[in-house]
Amino acid sequence: NAGVTQTPKFQVLKTGQSMTLQCAQDMNHEYMSWYRQDPGMGLRLIHYSVGAGITDQGEVPNGYNVSRSTTEDFPLRLLSAAPSQTSVYFCASNPRGSEQFFGPGTRLTVL
Amino acid sequence: AQSVTQLGSHVSVSEGALVLLRCNYSSSVPPYLFWYVQYPNQGLQLLLKYTTGATLVKGINGFEAEFKKSETSFHLTKPSAHMSDAAEYFCAVRNPNAGGTSYGKLTFGQGTILTVHP
């Protein structure tokens, strides 16, 4: 199993550009989540999904969209990038009742 | 709402010394508790977790943590630090009574960077 994979590893955007961060898992996990990590703030939940076709907002959802058309994939879309979205983004997945498994992260810089 | 506080953003110990990383939580019900470790430029890896049962939990790499309900704490310890323990450590909680949606939602502390000196 590859586990949780994220692409790209690094990305630089200009303010106002849009992009999609990809996340995939091959463990048939029901739950998938997106977090952002900022220094001194830990990880904060952006959006999460409890199954294909079902998503909900987390703590910091503004400026981000998600969809979950398959069990395996959970892309995160930045609609119009802002410097405040400069961060490291982590995708995680888990089966019901278990801990979350994290991907390697995407480091995003918005100029 | 739940919250997690990790006391000390930086902890420095000598190799062979005791490691103690503090975590206190705020929750209306006893939560599920987790400690994760993050090595530089990597994702998070689970060290240990508490859900129910024995309050002293043993994890990987010689770490353990004790759930103390009366103190709302879940401190992480290791008797003897190794250089390889240098990393950032995160405490996280999940509300076990929030229904099925709670399984995808963790609340994290701010993180503690552990430095180990030779």
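Predicted model: local features only at pLDDT ≥ 70, side-chain atom pairs only at ≥ 80, totals over all residues.
Local features need pLDDT of at least 70, side-chain atom pairs count only at pLDDT 80 or more, and totals for chains, interfaces and linings use all residues. Residues are numbered from 1 along each chain as its sequence is written, chains are lettered from A in the order in which they are written, and side-chain values use heavy atoms, without hydrogens and water.

**Salt bridges**

Over all chains, the structure holds six salt bridges. The term means a side-chain nitrogen of Lys or Arg within 4 Å of a carboxyl oxygen of Asp or Glu. Side chains of opposite charge can pair when their charged atoms come close.

| Salt bridge | N to O distance |
|---|---|
| A:Arg36 and A:Asp38 | 2.9 Å |
| A:Arg44 and A:Asp38 | 2.8 Å |
| B:Lys58 and B:Glu64 | 2.7 Å |

How exposed are the partners in chain B? B:Glu64 counts as partly exposed because its relative accessibility is 22%. B:Lys58 counts as exposed because its value is 62%. In chain A, shared partners join A:Arg36, A:Asp38 and A:Arg44 into one network of salt bridges. A:Arg36 and A:Asp38 are both buried. A:Arg44 is buried too. Buried means under 20% relative accessible area, exposed means over 50%, and partly exposed lies in between (1.4 Å probe, protein chains only).

**The largest pocket**

The largest pocket has a volume of about 520 Å³. A pocket is an open set of points on a 1 Å grid over the protein atoms alone, where a 1.4 Å probe fits, with protein on both sides within 12 Å along at least five of seven lines; lining residues have an atom within 4 Å of a point. Its volume is the space filled by probe spheres set on the points, which are joined across faces, edges and corners.

There are 27 lining residues, and the closest to the pocket centre are A:Gln37, A:Val88, A:Arg107, B:Gln38 and B:Asn41. By class, the lining has 11 nonpolar, 12 polar and four charged residues. Here Ala, Val, Leu, Ile, Met, Phe, Trp, Tyr, Cys and Pro count as nonpolar, Asp, Glu, Lys and Arg as charged, and the others, Gly among them, as polar.

Strands S9 (87–94) and S11 (106–110) of chain A and strand S9 (87–94) of chain B each supply at least two lining residues. S9(B) gives the largest share, three residues. Strands are DSSP runs (E, at least two residues), numbered from the N terminus.

**A sheet in chain A**

Four strands of chain A form an open antiparallel sheet in the order S1-S3-S8-S7. S1 (4–7) and S7 (64–66) are the edge strands, each pairing on one side only. Neighbouring strands are turned by 20° against each other on average, direction ignored. Two strands pair if DSSP finds at least two bridges between them.

S1(A) and S3 (residues 19–25) of chain A pair over four bridges. A:Gln6 has A:Cys23 as its bridge partner, and A:Thr5 stands opposite A:Ala24. Three bridges join S3(A) to S8 (residues 76–78) of chain A. There, A:Met19 partners A:Leu78. S3(A) has a covered face of A:Met19, A:Leu21, A:Cys23 and A:Gln25. Its uncovered face holds A:Thr20, A:Gln22 and A:Ala24.

Definitions and conventions. Axes fitted to C-alpha atoms, helices over the stretch in contact; angles between N-to-C directions.
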